[in-house]
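Hi everyone, and thanks for coming. I'd like to walk you through a structure that may be new to you, so please have a look at it first.

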Amino acid sequence: MAKVGLISILFWVFQLVWLVFPTPLDSANLTAVKDTLSTSRLSYYDSLNGAHTAGTTIIKVNTSGMPSTSTANLFTGDSVLIGDAATATTYTVDDIIDTDEFQITAALGSGDNDSGDLVIATRSASHTLAFTTATAIPNGLIRVLIPSGANGVNDGIPNHDGFDFNTIVAGDLTGPSSGGVTSWESPTATVAGGTGCSAGNHCFEARYNGTNSVNASLTFTIGDGGATDLINPAAADGHAAGTADTYTVTVQQRGSMTDQYPLLDQTTIKVAVIESVRVTATVDPTITFTIAGVASTTSTCGISTDVTTTATAVPFGTMALNTFKTLAQTLTVSTNGSGGYAVTSLENDQLGKDGGTTPFIADSTGDGAMTHTTQDDWNTATNNGFGYSIDNDDATTPAFQYSDVSGGSCTGGVFCAKQFAANADTEAAQTIFSSTAVANAENADVCYRLTIGATQAAGDYENNITYTATATF
Amino acid sequence: MRKICFSFIIGLVFFILFVSPALAQTLSLSIWPPILEVTLKPGKSITQVYRVKNSGDDTVVMAQVVPFEAAGELGQVKLSSTPNPALAYFSLQNADLDLGQSFTLKSGASQELVLKIIVPPTATNGDHYFTLLIDADTQSLLTASGAKAAGSIGGNILLSITDSEVLNQTAKIEELSLKGLKIKDSFDTFDFIAQVKNSSDHFLKAVGQLTITNTFGRKIATLPFRADNILAQSIRQLVTQDSWEPVLPLGRYTATATVTPENSTNTTSQTLIFWVLPYKALLAIALVSLFYYLLKTKKRLK
């Protein structure tokens with residue numbers, strides 16, 4: 001009995017010593033662990049709400065019963081796969097119409113339009129894991145576990161409960177480097193449920209030779225940052241828009257192969273995926289046209305203007321015989337319409353006495369061949385009449401310019417000019433300048449020139465010139 | 001009398017010193033939207049609000065709807081005076097305004113024009129193209145010879161009338177070519193011309209791209225076309241959104257234009273094969289060699 005008591009006392013003494021002086025623990029937590037996703041956008045997973053007409057571009061999606069329940073998290077320019085297991089086609093989102101409708105750029109194919117056909121937009125992200133070792137472990141490995149979900153874990157389709165493997169291979173990984181070890185082996189990727197990787201998590205490993213330093217900062221990148229990254233989950237069951245779904249990522253440091261890779265250090269962290277916020281702003285397409293007067297003595301069209309004009313009046317005033325007078329106006333167009341614009345001109349008639357039809361100052365024929373469609377040099381003041389030229393500032397495509405030495409009959413490069421098209425002669429309005437792209441305050445000067453001969457009846461002559469700016473269709 | 005003179009002088013001085021400066025007169029009008037694309041069934045109607053803004057001086061403007069036809073192949077319009085019965089489809093819903101009625105638009109002011117298009121049930125299928133034209137009325141007075149200038153601004157309206165759910169437009173690429181010679185120099189610019197004809201009775205929006213493959217059949221560029229409208233039974237030159245600027249291209253290239261009318265699956269395509277050679281550089285080298293050879297020969301003869 002005494003022996004039993006002694007043994008019992010010794011047992012409790014040992015227990016006390018064990019408790020007071022415990023064996024140092026080898027296991028610890030990796031520190032400063034973080035997983036940075038290249039994008040934290042949820043993938044999109046919905047289905048067609050009812051059968052659609054083949055050829056339509058308007059897609060209506062279900063608002064219940066699917067991981068995604070609205071068009072939130074879809075964006076213009078996204079690629080969406082629409083169809084079923086038999087046929088599916090990738091389309092591009094052209095516009096988001098409302099909470100359950102969006103538009104695609106191409107017509108919906110006849111095999112992709114059944115009710116319930118899936119509408120999927122995948123968002124792939126590379127994972128960059130950064131962490132700091134806590135323990136010096138010889139010939140071990142770093143293992144990263146990323147949740148995979150239960151089904152279809154490697155089919156390229158987003159899961160609602162984890163990240164799809166997306167057929168990642170070893171070459172898509174960038175393992176840790178340095179950290180004090182002798183060498184790192186090429187990292188490996190194993191799909192959840194694969195050899196040595198339990199279902200529920202994808203496994204990514206980097207083995208090393210030698211012993212790592214304590215407090216070594218390491219990074220492990222999963223995915224190539226391009227086409228082959230893990231696919232982010234779609235919205236989880238019960239997901240509330242604007243609230244992140246979180247998933248647990250585990251980073252482990254294990255011991256050597258000879259010890260069967262025992263788990264020594266481990267840290268778990270949470271990563272969050274959430275819808276992106278769609279920021280919208282509307283810029284109305286518009287076109288603006290401005291006519292402004294030009295002061296006298298302004299240098300334009302290679303001359304100095306004689307009289308000040310306003311936006312609505314080009315007053316030549318009293319004319320001397322066989323002497324040029326040149327006046328100018330500035331026309332300016334802005335448009336954010338992608339197709340551009342055109343500015344045309346049309347006079348009601350030739351300059352008529354007191355606005356009448358006769359007598360009139362004829363439109364000039366320049367130095368011989370000038371019409372409302374053909375430009376010609378006009379340097380001789382005894383070639384009487386009325387006409388115009390253009391001094392382009394920054395308009396994309398002027399019809400012609402005063403300095404032209406070719407085009408029409410112009411060769412001199414001094415004052416190449418045209419007649420205005422006359423509505424009274426059923427002539428079509430002529431383009432002054434144009435653009436086939438957006439325009440920011442593109443402008444050109446129109447230079448009006450008049451010279452009269454001795455036989456011109458005395459009086460005031462006038463006409464109306466209308467400039468019309470229209471966007472292209 | 002002195003008081004009167006004094007008051008007059010003081011008044012004159014104040015007038016000269018504090019008279020408001022004359023601002024340069026401008027005429028400046030904006031219209032939104034610049035284009036309206038409408039497809040309506042006979043018997044249906046649509047209302048579109050237009051906004052006209054005057055950023056110039058006070059002016060009097062008038063709104064009218066004018067038919068247009070395509071001018072050239074770049075999307076420009078040619079206003080037409082030909083009567084069009086479809087003009088009767090248009091009216092303004094503003095309580096105090098109608099088409100053809102002038103109204104004052106103060107400087108900086110905007111005016112909304114509520115345009116209604118009512119297509120009668122008896123209207124036949126087809127397209128009609130109009131411009132909502134805002135004319136600024138010239139208020140200036142000329143005291144001697146001169147011209148009165150007036151400005152107008154227009155927004156285009158493409159109206160398709162159809163009793164069909166799907167228009168099923170068709171297009172054909174009439175021409176795919178390169179500006180200039182068919183054999184291009186390696187240092188040339190590459191301007192592709194893609195003329196597409198709308199062979200249907202309704203305007204269409206052309207969606208497509210130009211892909212370029214090199215001698216080895218490898219795709220080296222994809223240039224999307226801008227989605228421009230092509231009027232019914234007319235041709236439009238499509239422009240690519242980006243230009244092709246290869247670095248020292250050499251060899252045989254194939255450009256394939258593919259166009260599908262929006263909302264249809266009727267794809268059309270055409271291929272262009274062209275060669276790119278550095279012939280200008282080769283010519284220069286040949287000339288230099290010839291010159292060198294002649295120089296050497298001349299020296300030898302001496």
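Predicted model: local features only at pLDDT ≥ 70, side-chain atom pairs only at ≥ 80, totals over all residues.

Let's begin with the overall make-up of chain A. If you trace its secondary structure, you will count 33 strands and one helix. Chain A has 473 residues, and 48% of them count as buried. Its accessible surface comes to about 20400 Å², with carbon and sulfur atoms holding 53% of that.

Now to the aromatic rings. Over all chains, the whole structure has 21 aromatic pairs. Which residues do ring pairs link into a cluster? They are A:F316, A:F386, A:Y388, A:F400, A:F420 and A:Y448.

Rings also turn up beside charges here. In chain A, the charged end of A:R449 sits over the ring of A:F324, at 3.9 Å from the ring centre. In chain B, the ring of B:F190 has the charged end of B:K184 over it, 6.0 Å from its centre.

Next, please find A:N166. You will see it in the loop that runs between β10 (141-147) and β11 (173-174) of chain A. Is A:N166 buried or exposed? Its relative accessible area is 15%, and because the cut-off for buried is under 20%, A:N166 counts as buried. Beyond its neighbours within four places in sequence, A:N166 has contacts that include A:S124, A:N154 and A:G156, as well as A:D229 and A:I231.

Finally, the spaces. The largest pocket holds about 1000 Å³. It is lined by 42 residues, and those closest to its centre are A:L346, A:N423, A:A429, A:T468 and B:L79. Several strands supply at least two lining residues each, among them β24 (341-347) and β33 (461-471) of chain A and β5 (76-79) and β9 (126-137) of chain B. Which strand gives the most to this lining? That is β4(B), with seven residues.

Methods: Residues numbered from 1 in each chain as written. Chains lettered and ligands numbered in written order. Heavy atoms only, no water. Helix = DSSP H or I, 4+ residues; strand = E, 2+ residues; numbered from the N terminus. Buried < 20%, exposed > 50% of the residue type's maximum accessible area, 1.4 Å probe, protein only. Areas by Shrake-Rupley, 256 points an atom, 1.4 Å probe, with all protein chains shown as cover. Phe/Tyr/Trp six-rings, centres within 6.5 Å; stacked < 30°, edge-to-face > 60°. Lys NZ or Arg CZ within 6 Å of the ring centre and 35° of its normal. Contact = heavy atoms within 4.5 Å. 1 Å grid on protein atoms, 1.4 Å probe; cavity = no way out; pocket = protein on both sides within 12 Å on 5 of 7 lines; lining within 4 Å. Points joined across faces, edges and corners; volume = space filled by probe spheres on them.
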